[in-house]
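The exercises below concern a pocket, a cavity and a helix. Work each one on the structure before reading its solution.

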Amino acid sequence: MTDAAGINLHLDGRVVLVTGGVRGVGAGISEVFAGQGATVITCARRPAEGSPYEFHPCDIRDDDSVRALIDTIVTTHGRLDVVVNNAGGSPYVLAADASVKFSTKIIELNLIGALSVSTHANAVMQNQDSGGCIINISSVSGHRPTPGTAAYGAAKAGIDNLTSTLAVEWAPKVRVNSVVVGMV
């Protein structure tokens, strides 16, 4: 399959998980992978109406839920080739007004959840002949001051370090990269 620009990424038969893949940027990522012939599985805490992709409810902050999701994908499809850690975000709250509980939830969603998904996916990918690929969606907020989203910016800076570290630890079988996204 080719996209509108005539590019073929040869993703036929590949199984792709996009966390937070039912709305916004994640829905766009899911659409591109599906357009390239991949089997796209999405997860989020709540489904989106009319999403054309296989959906599994999963709160990526819950490691047991993540483990069950990855196990279900492998049982159903026999493999997992690509993970896009896209789930995340944060409402605007000044650091002085944010509770520790609020900040913890933001860091769990934007950093710890991606680590959990990556770790469980890596365990599968390391045992596949073709390995796999993990893509972490980062943000310019991890590289500059972002008043109103301090915990989010700190988590995204953590994502970039996590990406570099996992890329070294899990190579050459599993490739780990991040994409730094600006305002969307």
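**Exercise 1.** State how many residues line the largest pocket, and which lie nearest its centre.

*Solution.* The lining of the largest pocket has 34 residues, and those nearest the centre are Asn86, Ala87, Gly88, Gly89 and Ser90. A pocket is an open set of points on a 1 Å grid over the protein atoms alone, with protein on both sides within 12 Å along at least five of seven lines; lining residues have an atom within 4 Å of a point. This is a predicted model, in which local features need pLDDT of at least 70 and side-chain atom pairs count only at pLDDT 80 or more, while totals for chains, interfaces and linings use all residues. Residues are numbered from 1 along each chain as its sequence is written, and side-chain values use heavy atoms, with hydrogens and water left out.

Next, take the volume: about 780 Å³, counted as the space filled by probe spheres set on the points, which are joined across faces, edges and corners.

Then assign the lining to elements. At least two residues each come from α1, β2, α3 (100-125), β5 and α4 (150-170); helices (H or I, at least four residues) and strands (E, at least two) are DSSP runs, numbered from the N terminus.

Last, sort by class: 16 nonpolar, 12 polar and six charged residues. Ala, Val, Leu, Ile, Met, Phe, Trp, Tyr, Cys and Pro count as nonpolar, Asp, Glu, Lys and Arg as charged, and the others, Gly among them, as polar.

**Exercise 2.** Describe the largest cavity and its lining.

*Solution.* A cavity is a set of grid points where a 1.4 Å probe fits but cannot get out. One cavity of 30 Å³ or more is present, and the largest cavity holds about 40 Å³. Its lining includes Asn86 and Ala87, together with Leu109, Lys156 and others. α3 gives the largest share, four residues. By class there are six nonpolar, five polar and one charged.

**Exercise 3.** Which residues of α1 are buried, and on what do they pack?

*Solution.* Buried (under 20% relative accessible area, 1.4 Å probe, protein chains only) are Gly26, Ile29, Ser30 and Phe33. They lie on the same side of α1, because their arc, taken from the directions from the helix axis to the C-beta atoms, is only 100 degrees. They pack against β1 (15-19), β2 (39-44), β4 (82-85) and β5 (132-139), contact being heavy atoms within 4.5 Å. On the face turned away, Gly24, Glu31 and Val32 are exposed, that is, over 50%. Just after α1, Gly37 has a positive phi of about 95 degrees.
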